[in-house]
Amino acid sequence: MDIEKDNLAINEKYNLTIKEAVKYFNIGEKNLRRLVSDNPNADYILMVGNMILIKRKIFEQFIDETGSI
């Protein structure tokens, strides 16, 4: 399968950048960055060098189980 990552819809991506996650989950960037910094070992975080990626499906589960952020 030949997929260009830039042409893939956000809801089809496995990992999201912070900016993509902000759009997809409708969470403010400051809140999302704070959530990541407060929980550096969370299962939904993937660090690639200095880049933070959010594992979309795992973060969806986290949000489903969380009452507030």
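The buried residues of helix α2 pack against α1, β2, β3 and α3. Keep in mind that what you're looking at is a predicted model. Let's start with that helix and then move on to the sheet.

- Helix α2 covers residues 29-38, and its buried residues are L32, L35 and V36.
- Look down the axis of α2 and those buried residues fall within an arc of 95°, so they line one face of the helix.
- Here's the general idea behind that: an α-helix has 3.6 residues a turn, so residues three or four places apart point the same way.
- Which exposed residues sit on the face of α2 turned away from its buried side? They're K30 and S37.

**The sheet**
- Three strands make up an open sheet, in the order β1-β3-β2, and their pairing is antiparallel.
- How many bridges join β2 to β3? There are four, and β3 takes in residues 51-55.
- Across that pairing, V48 stands opposite M51 in β3.

**Helices packed on the sheet**
- Helix α1 (residues 18-25) packs on the sheet and touches β1 and β3. The direction of α1 makes about 100° with that of β1.
- Helix α3 (residues 56-65) also packs on the sheet, touching β1 and β3. The direction of α3 makes about 65° with that of β3.

Methods: Residues are numbered from 1 along each chain as its sequence is written. This is a predicted model: local features need pLDDT of at least 70, side-chain atom pairs count only at pLDDT 80 or more; totals for chains, interfaces and linings use all residues. Side-chain values use heavy atoms; hydrogens and water are left out. Two strands pair if DSSP finds at least two bridges between them. Helices (H or I, at least four residues) and strands (E, at least two) are DSSP runs, numbered from the N terminus. Contact means heavy atoms within 4.5 Å. Axes are lines fitted to C-alpha atoms, for helices over the stretch in contact, and angles run from 0 to 180 degrees between N-to-C directions. Buried means under 20% relative accessible area, exposed over 50%, partly exposed in between (1.4 Å probe, protein chains only). The arc is that of the directions from the helix axis to the C-beta atoms.
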